[in-house]
Amino acid sequence: MADRVIPSTCWECSVKCGSLVHVRDGRVAKITGNPDHPHSEGAFCVKGINAPLAALEHPDRPLFPLRRAGERGAGRWGRVSWDEALEEIAERLGAVKRRYGPLAICGAVSSAYFSRGVAMALLLRSLGTPNHMINQDLCQGCRNTGALLTGLGAAAGNELKRTRCVLVVGKSPSESDVVQWMHLKAAKRRGATLIAVDPRRTQVARLADLWLRVRPGTDAALALSMIHVLFEEGLWDRAFVDEWCVGTERLRERARRYLPGVAAEITGLGAGEIVEAARRFATERPGCLILGHGIDAQANGVQTARAFQCLLALTGNVDVPGANRMAQRLAGFRDYWSFIHAPEFRLPREIEEEIVGGRRYPFWAGPSGWAKACHNPSVIRAILTGDPYPVRALYVSGVNIVCTYPGIQDTIAALRDLDLLVVATDHMTPTAELADFVLPKTTLLEEEEVSWEPGGPCLSLTQRVVPPRGEARTDFEIAIALRDRLRARGLIDHELLPWNSHREFLEFQLRDTGIRLEELRERGFYEIPLNYGSYRAKGFPTPSKKIELASSLLEEAGYDPLPDYVPPGYIRPGPDYPLTLLTGIRTMAYHHSRFRNHAWARQILADPELRVHPETARGHGIGEGDWVWIETPGGKGRVRLRARLTDEVPSDVVATGMGWWYPERPGFDHGALAVNVDAAIRYGPPWDPISGSAEARNIACRIRRAEAEERLETAETVSGLGEPSWPAPSEPRAPRRAEVPAAEAIEALPQDG
Ligand SMILES: Nc1nc2c(c(=O)[nH]1)N[C@H]1C(S)=C(S)[C@@H](COP(=O)(O)OP(=O)(O)OC[C@H]3O[C@@H](n4cnc5c(=O)[nH]c(N)nc54)[C@H](O)[C@@H]3O)O[C@H]1N2
Ligand SMILES: Nc1nc2c(c(=O)[nH]1)N[C@H]1C(S)=C(S)[C@@H](COP(=O)(O)OP(=O)(O)OC[C@H]3O[C@@H](n4cnc5c(=O)[nH]c(N)nc54)[C@H](O)[C@@H]3O)O[C@H]1N2
Ligand code: SF4
Ligand SMILES: [Mo]
């Protein structure tokens, strides 16, 4: 067979780089970056090079459907045919539906933007349930909810190539986004100004002209103070703001509370630094704002994001070359959000209103919410307590919730309690270990996908390079096959998953673009022409059609319409927990919990790290490489991490990653209870009042050197199961109105997760 180079798209993380798959003698020889790809321009990483092949060929990969043969989590499985698996799953879903009603069936999915998110949501909706969980409440949910309320879902994308100033807040692209990192280094070489806001001395902070080492969780005070400086010194873009923003005077009033001296006290920064950052960002134009995960998944996340989005609006850095730009859509293309929000794929409103968390978090979960997905912690609680109603069956695909949701003990207890747990996956994760059925999933090189990449902007094709191994199927194929069995049993109430093959779905996504799948094959992408200033014709996606510095939607719903600083929950615990723990610091070799079963990745980083300042380490008798216990006030367990001494963190902060487990260890949790930071924290409140996001990133903690004889928590010893560690969300807020605008606004937003 002739050698070929197939242009494709890497999906091993949310960056979605253009790739070139080199095929020799019918086998994949190597994978490299695609220099011609409009979004990634050749950028690529160690995961993209190694992971697709390692996952494809992994010796432990499940290649056939498996049915549990022993107790949940006992690791005993029997091979069954797809027919048997699907028949029994359909039968048991039917039993749950008949006994408890459709709402008792729920889903969980990640990277929702992949077609698997559509397959999952629409299969569940067809069954009559709006309930599915996505990662975004732990991910970019606060930033995106904030952007929608403000009406400014503008991202930097490759405008970084033309910008003169970049403000990077709580993002570490050298670890999490190779494309952005490439652009930032180039911008710096070109002489652009870089301002980094991060408690940690990240690579961006090292590169920056100005590094603001903000105290964790206090960014809103910084942003409001910068806003104040802009107003005080007349540095705001009056022409833009007068024409395109509402609530200017009210914001000015609010920002007055945050004089640089006041904000300096809150943030730990110097007043002079705050003023300088404001001046530079306002005057060195055009400028871009990048908001990262560091300000998200926090209890004041939405208003913190809004504070920065308002700052951006005041500088007028909106949809002009070199500034944050609005969505660059290809007319007619349907992505995840189009399906989630399109009326023809929705359930009747009275059913959507029943979604778990919808009344409490209408801007997130309810019929008018951004995510139209559940409030995850409330689902865990519903499984365990039956409140607000029983959730008894869960279909999980493409997410390893035991390893990635905070409060692992509660997640385990909930999964064990279910009447039915089905997990589709390409490797045996701790989540899959608890399933009744494990369904074998395709891996990247066996899949075909079309995605929209706003950064580039382009449509990007992932090509099926090899046939699926064993009996692996794509999520779409699984969903369609399951739908047919459910339909045969009269269990489909709403025909919302109308396609009969994965390919048919992809063609439907493209149908109204005028571009055919075949045309994408040659280059692997279709470049979307840039078009600035689209808001001039259609306005911003808010009720006023303006950028709402004071949000009318929030105000009508009884929330504070203006961004404000609220002290983070972690400040409260007091002297027992003197340090702040940052979780989720990305490392290049891993994607959350993935690749712990890949030798190439484990060679790069063998154990979970805790980054500790050398002085703090000395004070605790901790040396480089020592094992250290970490505990937080709300956590049900303690976990053990390996100390890495570095002054990149301040002395009152420690930082770690996430997602750890050791696939080779015995027990269904494979070590997650011992070493995964989500076993030391909880999914409980404080929750952001608008999005419901849990405080999963900045948490009070204490550390102690671990002695060799101290036992580790395992699947056998785990305690605290059975009781959710948080109360029911109290009274619904019952807003008068909580309408969120049209889908096209949503699609401008960052797509992590
Ligand atoms: N290699 C790799 N890349 C990934 C992923 C992965 O798992 N591995 N995951 C992908 C996904 S889903 C996501 S969501 C993104 C996340 O990627 P990023 O948005 O870059 O998030 P982090 O890497 O967690 O970095 C967040 C930064 O915020 C800082 N920080 C913490 N608390 C605060 C705070 O209160 N204020 C401020 N200003 N900063 C703070 C941290 O020190 C850290 O440097 O990465 C994506 N890319
Ligand atoms: N404490 C703390 N917790 C966090 C975070 C944090 O910063 N701190 N970060 C949060 C964030 S931002 C995120 S996005 C989440 C990530 O949480 P997850 O989405 O659970 O993370 P992954 O480990 O990437 O899990 C993906 C799973 O899907 C499987 N998979 C991959 N591709 C496919 C596919 O095509 N189909 C199917 N069916 N399965 C597939 C993989 O094998 C893997 O098991 O974690 C969150 N959890
Ligand atoms: S950053 Fe790496 S893993 Fe992510 S899409 Fe690009 S090559 Fe793939
Ligand atoms: Mo994420």
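The protein exposes about 25,000 Å² (accessible area by the Shrake-Rupley method with a 1.4 Å probe), and carbon and sulfur atoms supply 49% of that surface. This is a predicted model, where local features need pLDDT of at least 70 and side-chain atom pairs count only at pLDDT 80 or more, while totals for chains, interfaces and linings use all residues. Residues are numbered from 1 along each chain as its sequence is written.

Of the 753 residues, 66% count as buried, meaning under 20% relative accessible area. The C-alpha trace spans about 70 × 65 × 60 Å along its principal axes.

Now look at one sheet. It is open and holds 7 strands, in the order β5-β4-β15-β14-β13-β6-β7, with mixed pairing; two strands pair if DSSP finds at least two bridges between them. At the edges stand β5 (77–79) and β7 (132–133), and because each has a single partner strand, one side of each is left without a neighbour in the sheet.

Further in, strand β6 (residues 105–109) runs parallel to strand β13 (residues 393–397), joined to it by 5 bridges. Here A108 stands opposite V396 in β13. Helix α3 (residues 115–127) packs on the sheet and touches β6, β7 and β13, where contact means heavy atoms within 4.5 Å. The direction of α3 makes about 175° with that of β6, using axes fitted to C-alpha atoms, for helices over the stretch in contact, and angles from 0 to 180 degrees between N-to-C directions.

Definitions and conventions. Chains lettered and ligands numbered in written order. Heavy atoms only, no water. Helix = DSSP H or I, 4+ residues; strand = E, 2+ residues; numbered from the N terminus. Buried < 20%, exposed > 50% of the residue type's maximum accessible area, 1.4 Å probe, protein only.
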